[in-house]
Amino acid sequence: MEDIGLLLSYIETEVKEGKKAWIGNGVIVDRDTILNLVERIRIALPQATGEAQIRQAKREAQEIIDLAEQRKAGMIDTSMAMKEAKVRAEKIIMQAAENKKAMEKELEQNVSVVLTTVSNYLEEASKWVDNATKVVKEKLKTE
């Protein structure tokens with residue numbers, strides 16, 4: 001799994017080291033490099049946010065539920081065996097629901113951290129661009 005913070009640093013470096021545009025306050029960056037880095041972040045994001053683990057846990061939970069249903073259907077048709085299977089299936093379903101809630105909460109927290117990090121990088125890049133604009137304007141005034 002790639003480090004999203006590192007990939008964002010690469011983007012930031014690409015912006016900082018980009019050639020200054022002749023007109024406006026923009027910066028010319030290598031489009032392919034930026035798109036490649038964004039794609040790498042997009043690929044790494046599910047692992048970083050826990051989305052991949054949640055999908056795996058959901059599959060495992062569904063397998064457990066399916067297995068419980070199969071076992072339940074295959075048990076001897078006595079009231080004791082039926083009650084026991086039902087209790088087991090309900091426990092598995094409840095545990096799967098609890099696991100799902102916990103993983104969703106963790107996913108939300110991870111997404112929040114990633115988005116905050118991205119926001120901070122973008123704010124820093126915006127400040128850098130604003131400062132660069134001021135410097136260019138000052139140079140233009142003195143010329």
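**Confidence.** I began with pLDDT, the predictor's confidence in each residue, from 0 to 100. This is a predicted model, where local features need pLDDT of at least 70, side-chain atom pairs count only at pLDDT 80 or more, and totals for chains, interfaces and linings use all residues. Residues are numbered from 1 along each chain as its sequence is written, and side-chain values use heavy atoms, with hydrogens and water left out. I found a mean pLDDT of 85 for the chain, with 95% of the residues scoring at least 70. Confidence is lowest in strand β1 (residues 19-20), at a mean of 79, and highest in helix α4 (residues 79-142), at 89.

**Overall form.** I counted 4 helices and 2 strands; these are DSSP runs, numbered from the N terminus, with helices being H or I of at least four residues and strands E of at least two. Along the sequence their order is α-β-β-α-α-α. The radius of gyration is 26 Å, well over the 15 Å that the globule rule gives for 143 residues, so the chain is more spread out than a compact globule. I noted that this radius is taken over C-alpha atoms, and that the rule is 2.2 Å times the number of residues to the power 0.38. The C-alpha trace spans about 95 × 25 × 20 Å along its principal axes. Buried residues (under 20% relative accessible area, with exposed over 50% and partly exposed in between; 1.4 Å probe, protein chains only) make up 16% of the 143 residues.

**Helix α2.** I turned next to α2, residues 31-49, whose 19 residues reach 26 Å from first C-alpha to last, close to the 27 Å expected at 1.5 Å a residue. That expected span is 1.5 Å times one less than the number of residues. Where does α2 bend? I found a bend of about 30 degrees at Ile-43, with a proline, Pro-46, following within four residues. The bend is the angle between axes fitted to the seven residues ending there and the seven starting there. The buried residues of α2 are Ile-34, Leu-37, Ile-41, Ala-44 and Thr-49. Just after the helix, Gly-50 takes a positive phi of about 90 degrees.

**A residue in α4.** My last stop was Thr-133, which lies in helix α4. Is Thr-133 buried or exposed? Thr-133 counts as buried, because its relative accessibility is 13%.
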